[in-house]
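Welcome! Please take a moment to look over the sequence and the 3D structure, and then we can walk through some of the details together.

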Amino acid sequence: MAEDQNNKENTTTSDTNNTSEYEDVCYICRRPESVAGKMIHIQNDICICQDCMQKTFDTMNNGTFNMGDFMNMNMGKMPNISMINLADLQNAVPNKQKLKKKKPKDEQPKPELDIHSIPAPHKIKARLDEYVVGQEHAKKVMSVAVYNHYKRVMEDTNDGVEIEKSNMLMIGPTGSGKTYLVKTLARLLDVPLAITDATSLTEAGYIGDDIESVVSKLLAAADNDVERAEHGIIFIDEIDKIAKKRNANQRDVSGESVQQGMLKLLEGAEIEVPVGASSKNAMVPMTTVDTKNILFICGGAFPELEEVIKERLNKEASIGFKADLKDKYDKEENLLCKVTVEDVRKFGMIPEFLGRLPILFSLEALTEDMLVRILTEPKNAIVRQYKKLLAMDEVDLEFTEDALHAIAKQAKEKKVGARALRAIIEEFMLDIMYEIPKDDNIGKVTITEDYVEKKGGPLIEMRGVAALPEQEVNA
């Protein structure tokens with residue numbers, strides 16, 4: 001008898017542990033307990049959140065509902081309700097559809113943000129150097145701006161001096177590393193990051209997202225912790241796509257109005273956002289997020305901005321006997337480095353918007369040498385990724401110096417920056433990664449310039465076979 005009782009207790013304990021691994025999910029709205037709040041449990045392990053239960057009662061009541069009718073199951077006075085058999089709903093939410101509970105965070109309170117916990121600008125830049133090649137000026141500007149921003153966040157003296165936000169506007173050609181810089185920065189600082197695309201934003205969210213949805217993405221990235229979200233970073237990419245359309249007589253709903261709507265976000269305002277959802281509706285609880293201490297970084301390629309800069313530079317140097325030729329700047333790759341606020345305003349960004357992005361800087365176009373360094377130097381360089389992939393099959397992968405330059409040259413011709421590198425390598429690595437698992441005798445593969453340029457094949461060394469001496473190879 002004692003053994004049977006122990007077995008029953010063990011079974012009950014294991015069942016409880018299995019159940020406690022999962023969050024309860026509302027049977028009606030499908031929201032988990034972490035989002036919807038405490039659940040109401042009814043027969044056959046069915047859970048209903050308080051919001052859905054209240055709405056159900058409101059629908060049934062309709063002003064005339066009597067609890068006695070409910071007990072007598074008088075369905076004539078219950079609109080929109082039909083008879084159901086609760087037995088049919090047994091195990092309606094199987095374990096595989098339930099959400100596992102998040103691991104509890106450490107109960108110790110996190111240390112408050114102070115000047116000693118924020119790395120100095122030179123340390124931020126040194127960490128960025130490990131992941132991002134080149135762009136020295138951009139990394140220095142971002143390091144100082146971030147350091148000043150978080151000093152502003154923790155500043156609590158009332159001496160009448162209020163430090164303004166260090167929001168940034170980043171301009172650079174496609175593939176130069178704008179998004180990668182911001183991602184790396186957020187990871188180094190251990191702050192929540194939300195990345196959104198300005199092309200999907202509309203003034204009131206008729207088609208796409210409304211402007212305030214960027215804050216709800218940041219709240220989700222912070223695990224719905226409002227205080228942590230208020231110290232996060234929001235990166236709005238493709239910001240040039242909401243510029244005012246030039247030579248347009250009618251009102252531009254998609255461009256200027258979105259810029260106007262973003263003014264309050266950039267400067268700082270209390271925004272009401274849904275918790276655990278991307279859009280507002282009656283079923284989703286709301287919370288308030290203050291954007292006063294959120295750092296906004298806007299980035300874009302501004303493809304036609306170079307023409308605006310050329311026009312300004314040609315006007316400045318086209319008068320007198322020593323006037324420059326009009327085509328002087330046509331072949332200059334880093335023309336965006338000469339950008340001014342006036343140039344961006346002429347491009348189509350309104351002055352009020354630019355006034356809330358006081359730090360303006362640009363990224364350099366990638367040269368062939370920079371592309372070679374991008375292939376090999378960063379901690380997660382593309383070449384290192386492929387070496388790791390083949391190392392899992394116990395095969396060494398090597399690239400000759402000429403092969404790296406050939407890859408960089410092809411990428412430069414495509415004019416899409418570092419994004420082209422992965423596509424080029426993937427193309428000629430396809431056959432190698434397909435054939436290697438077939439033959440366990442392959443020990444080393446060397447990628448040569450001829451193979452990259454499709455003039456020959458890679459050098460393959462078999463296991464246990466010594467490489468031929470150089471003299472014999474030349475002979």
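**A guided walk through the model**

In this predicted model, the charged end of Arg 187 sits over the ring of Tyr 131, at 4.9 Å from the ring's centre.

Let us turn to a pair of helices. Helix α5 covers residues 121–129 and helix α6 covers residues 136–154; their axes come within 8 Å and cross at roughly 135 degrees. Angles over 145 degrees would count as roughly antiparallel, and 65 to 115 as roughly perpendicular. The two helices α5 and α6 are therefore oblique to each other. As for handedness, the crossing of α5 and α6 is right-handed.

Next comes a residue further along the chain. Arg 384 is found in helix α15, which spans residues 382–391. Is Arg 384 buried, exposed or partly exposed? With a relative accessibility of 43%, Arg 384 counts as partly exposed, because that class lies between the limits of 20% and 50%. In sequence, Arg 384 and Glu 398 are 14 residues apart, while in space their C-alpha atoms are 9.9 Å apart.

Now for a sheet. Strands of a sheet pair through backbone hydrogen bonds, and they can do this in a parallel or an antiparallel way. Here, three strands form an open sheet with mixed pairing, in the order β12-β13-β14. Its edge strands are β12 (396–399) and β14 (459–462), each of which pairs on one side only. On average, neighbouring strands of this sheet are turned by 15 degrees against each other, with direction ignored. Strand β13, made of residues 442–447, pairs with β14 in the antiparallel sense over four bridges. If you follow that pairing, you will find Val 445 standing opposite Ile 460 in β14.

Finally, let us look at aromatic rings. How many aromatic pairs does a search of the whole structure find? There are two. In one of them, the rings of Phe 428 and Tyr 451 have centres 5.8 Å apart and planes at 75 degrees, so this pair is edge-to-face; the cut-off for that label is over 60 degrees. Phe 428 belongs to helix α17 (residues 419–435) and Tyr 451 to helix α18 (residues 449–452), so the pair ties together parts that are 23 residues apart in sequence.

Technical notes
Residues are numbered from 1 along each chain as its sequence is written. This is a predicted model: local features need pLDDT of at least 70, side-chain atom pairs count only at pLDDT 80 or more; totals for chains, interfaces and linings use all residues. Side-chain values use heavy atoms; hydrogens and water are left out. Two strands pair if DSSP finds at least two bridges between them. Axes are lines fitted to C-alpha atoms, for helices over the stretch in contact, and angles run from 0 to 180 degrees between N-to-C directions. Rings of Phe, Tyr and Trp (its six-membered ring) pair if their centres lie within 6.5 Å; planes under 30 degrees apart count as stacked, over 60 as edge-to-face and the rest as tilted. A charge sits over a ring if NZ of Lys or CZ of Arg is within 6 Å of the ring centre and within 35 degrees of the ring normal. Angles under 35 degrees count as roughly parallel, over 145 as roughly antiparallel, 65 to 115 as roughly perpendicular and the rest as oblique. A crossing is left-handed if the near helix is turned anticlockwise from the far one by less than a right angle, and right-handed if clockwise. Buried means under 20% relative accessible area, exposed over 50%, partly exposed in between (1.4 Å probe, protein chains only).
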